[in-house]
Amino acid sequence: MGRKKVELKRIEDKSSRQVTFSKRRNGLIKKARELSVLCDVDVAVLVFSSRGKLYEYANGNSYPQVELVYRIHYLLKPRIVRGNGLRGQMMIMMSFFYILKV
């Protein structure tokens, strides 16, 4: 028996949405951990819930960057949400990661 293809749209039921968020968040972190072990790479995963709670996984030397993004998210959140929303937040975070790499 195969798995059903899930239609990607917002889950309206609050309880179902929370359960799905929790399961998928844990799956994402598990995959990140596996990737870091199998490929010997530094991996960082940040997930901000709809209430602003941070869930993270970081290994190796990636923790300082995780802390920086966490601080940036909470410092810039009030200004960004009114303007560009999540897309604006991601662009700012990506530019900070670029600055860190250079």
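I looked up the largest pocket and found about 630 Å³ of space in it. It has 17 lining residues, and the closest to its centre are R17, Q18, T20, F21 and S50. A pocket here is an open set of points on a 1 Å grid over the protein atoms alone, where a 1.4 Å probe fits, with protein on both sides within 12 Å along at least five of seven lines; lining residues have an atom within 4 Å of a point. The volume is the space filled by probe spheres set on the points. Helix α1 (residues 14-39) gives the most to this lining, six residues. Helices are DSSP runs of H or I, at least four residues, and strands are runs of E, at least two.

I noted that this is a predicted model, where local features need pLDDT of at least 70, side-chain atom pairs need 80 or more, and totals for chains, interfaces and linings use all residues. Residues are numbered from 1 along each chain, and side-chain values use heavy atoms, without hydrogens and water.

**Core**

Next I checked the largest nonpolar core: I29, A32, V43, V45, V47, Y55 and Y57. Its members are buried and joined through side-chain atoms within 4.5 Å; buried means under 20% relative accessible area, exposed over 50%, partly exposed in between (1.4 Å probe, protein chains only). Elements α1, β1 (44-48) and β2 (54-58) each give two or more residues.

**Salt bridges**

I found two salt bridges (a Lys or Arg side-chain nitrogen within 4 Å of an Asp or Glu carboxyl oxygen). E12 pairs with R10 at 3.4 Å, N to O, and both are exposed. E34 pairs with K31 at 3.9 Å; both lie in helix α1, three residues apart.
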